[in-house]
Every structure is written in C-alpha cells, then in structure tokens.
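I am opening a notebook on this structure and will write down what I look up, step by step. The sequence and the model come first, and my entries follow.

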Amino acid sequence: MITLILAFIAFTATTNAQIITWLSSCPDVQLKANFDRTKYLGQWYDMEHFPAYFQKGRCSSAHYSMRDDGRIKVNNTQIMPDGTSDSVIGYLQKNAINNEPACLEVRFSEWQPRGYYLVLDTDYVNYSVVYSCTNLYVGKFELLWILSRRRTLAVGYLEHIHDLLDSYGIDTTRIEVEYCDSGELGYCHQSSKFFNC
Ligand SMILES: *[C@@H]1O[C@H](CO)[C@@H](O)[C@H](O)[C@H]1NC(C)=O
Ligand SMILES: *[C@@H]1O[C@H](CO)[C@@H](O)[C@H](O)[C@H]1NC(C)=O
C-alpha cells in the first residue's frame with residue numbers, strides 16, 4: 001500500500017496538468033446503449049477536455065478507421081506550440097471484462113498501459129462524450145473529451161453534455177476549451193458562453 005501511495009505521488013509530481021482528485025473514487029456512469037462502432041468511425045474534433053499531459057498542442061482531432069484485425073485505428077493529431085503538426089497512432093478495442101460495446105480501451109504503444117475509453121453519449125453525427133477514470137486507491141485520475149463532427153458544436157449539445165456530466169458528479173468546472181482560433185483552422189463554439197468568437 002505504501003509503495004502504491006509513493007508511486008501515485010511520484011506520478012502526480014511528474015504530470016502536473018492532470019485531473020487527480022484525492023480521497024475520491026470513480027463515479028458510476030452509464031455508457032451509450034447499443035454503441036455502434038461502425039457509425040462512430042471517421043473524423044472527430046476536440047471541443048473541450050480535461051487537461052492531459054500528452055495533449056500539449058491545440059486544434060486536436062481524432063480519426064477512427066477499422067483495421068483488418070477488428071480493432072479501430074486511432075490517429076490523433078494536434079498542432080504543437082512550434083506550429084508543426086503532430087500525430088500519434090494507436091488503437092481502440094473492446095474491454096475484455098465489461099460486456100457493454102461502449103466500454104473500450106485505447107492504447108498507443110505496447111509499452112503503455114491501456115486506458116479506458118468510455119463513450120458516455122454520442123449521436124454519431126454531431127457529438128461524442130468520452131470519459132476515462134482510473135481508481136488509484138488514494139484518489140482517482142480522470143480524462144474527458146467532448147468531440148464534435150465539425151469544427152464547431154452547437155451550444156444545445158454542449159449544454160446537454162455538461163448537464164449529463166454534472167448528473168454523474170464529474171467536475172465540469174475543470175473542463176478546458178480546446179483552443180483553435182478561426183484564423184487557424186476555423187473552429188470555435190457557437191456561443192460566447194463557452195468561447196468568444
Ligand atoms: C494521421 O492524420 C494526419 C492528419 O490527417 C495525416 O497527415 C497522417 O498521414 C495520418 N497518419 C496515419 C499513419 O494514418
Ligand atoms: C447534426 O448533424 C446533422 C448531420 O450531419 C446535421 O444535419 C445537423 O445540422 C447537425 N445539428 C446541428 C444542430 O448542428
């Protein structure tokens with residue numbers, strides 16, 4: 001137990017931009033019922049998220065396509081602070097323990113542990129809400145992405161999604177809006193409530 005706590009403290013010290021909540025455990029969430037992975041494939045743009053140490057750039061997007069082995073290829077792209085484009089390739093697969101089709105795992109290399117990729121809600125054509133939470137015995141580590149099929153997302157969807165997250169006790173005050181101004185790739189929220197454009 002002591003080793004675990006020390007490992008956890010070391011982890012939090014090296015990764016400052018993370019949502020870690022001490023003495024708290026992961027909430028019970030409902031996943032998207034009858035999740036259809038085929039309808040989910042294609043391009044998604046990051047609108048809002050929890051800070052993550054591996055997401056240092058801006059204008060992030062994800063592209064999902066089917067692989068021959070039945071896993072889903074993930075291509076995450078972002079524009080780095082120096083202006084270059086950076087892509088990381090990984091895959092999504094079904095979680096072996098949980099039966100629900102929306103309970104997925106994502107992996108970017110054989111050396112990296114699998115991370116949960118839970119689809120809380122999506123309508124496949126406008127928005128998706130992806131959540132990941134790991135219990136670390138003395139706290140929890142959370143990731144969240146609100147994705148859109150376009151470079152904008154209508155405020156009605158954002159409100160629906162924030163209400164859903166609030167209902168699970170997921171702290172929406174810690175959400176960051178993905179920065180990508182209209183001069184760059186041309187996306188922003190459609191309401192000044194979330195983003196001024
Ligand atoms: C990933 O996506 C980027 C941006 O669309 C593209 O330039 C790159 O070729 C893709 N990489 C792979 C391996 O599919
Ligand atoms: C949702 O997506 C559909 C299909 O692309 C589109 O016709 C519709 O305008 C979108 N709704 C909003 C409010 O953006």
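How many helices and strands are there in the protein chain? I counted three helices and 10 strands, and I keep in mind throughout that the model is a predicted one. Reading from the N terminus, I wrote the order of the elements as α-β-α-β-β-β-β-β-β-β-β-α-β.

**Entry: the chain overall**

I looked up burial next, and found that 26% of the 197 residues of the protein chain count as buried. I also checked contacts between residues at least 6 apart in sequence, and of these 53% join residues at least 24 apart.

**Entry: the nonpolar core**

Which residues have the most contacts inside the largest nonpolar core? This core has 31 residues, and I noted L118, V130, Y131, L144, I146, L147 and I161 as those with the most contacts inside it. Looking at where the core comes from, I found that at least two residues each are supplied by β2 (42-49), β6 (103-107), β7 (115-122), β8 (127-135), β9 (139-148) and α3 (155-167).

**Entry: I146 and V129**

I then followed I146, leaving aside its neighbours within four places in sequence, and listed its contacts as M47, E48, H49, Y127, V129 and I161. One of these, V129, lies in strand β8, and although V129 and I146 are 17 residues apart along the chain, their C-alpha atoms are separated by 4.7 Å.

Is V129 buried or exposed? I found 23 other C-beta atoms within 10 Å of V129, so it is buried, given that 20 or more are needed. Not counting residues up to four places away in sequence, V129 touches L120, D121, T122, I146, I161 and L164.

**Entry: helix α3**

I turned to α3, which has 13 residues and reaches 18 Å from its first C-alpha to its last, close to the 18 Å expected at 1.5 Å a residue. I wrote down Y157, L158, I161 and L165 as its buried residues. They cover an arc of only 100° around the axis, and therefore sit on the same side of α3. These buried residues pack against β8 and β9, while the face turned away from them carries the exposed residues G156, D163, D166 and S167. Just after α3, I noted that G169 takes a positive phi of about 75°.

**Entry: two positive phi values in one loop**

I looked at L23, a residue other than glycine whose phi is positive, near 50°, and placed it in the loop between β1 (19-22) and α2 (37-40). L23 has 7 other C-beta atoms within 10 Å, so I recorded it as exposed. N34 is likewise a residue other than glycine with a positive phi near 50°, and I found it in the loop between β1 and α2. Because N34 has 8 C-beta neighbours inside 10 Å, it counts as exposed, the limit for that being 12 or fewer.

**Entry: ligand 1**

Which residues surround ligand 1? I found H63, N75, T77, S87 and I89 around it, and the elements that give two or more residues to this shell are β4 (72-79) and β5 (85-94).

Technical notes
Residues numbered from 1 in each chain as written. Chains lettered and ligands numbered in written order. Predicted model: local features only at pLDDT ≥ 70, side-chain atom pairs only at ≥ 80, totals over all residues. Near = placed C-beta within 6 Å. Helix = DSSP H or I, 4+ residues; strand = E, 2+ residues; numbered from the N terminus. Contact = placed C-beta atoms within 7 Å. Core = buried A, V, L, I, M, F, W, Y, C linked by C-beta atoms within 7 Å. Expected span 1.5 Å × (residues − 1). Arc of directions from axis to C-beta.
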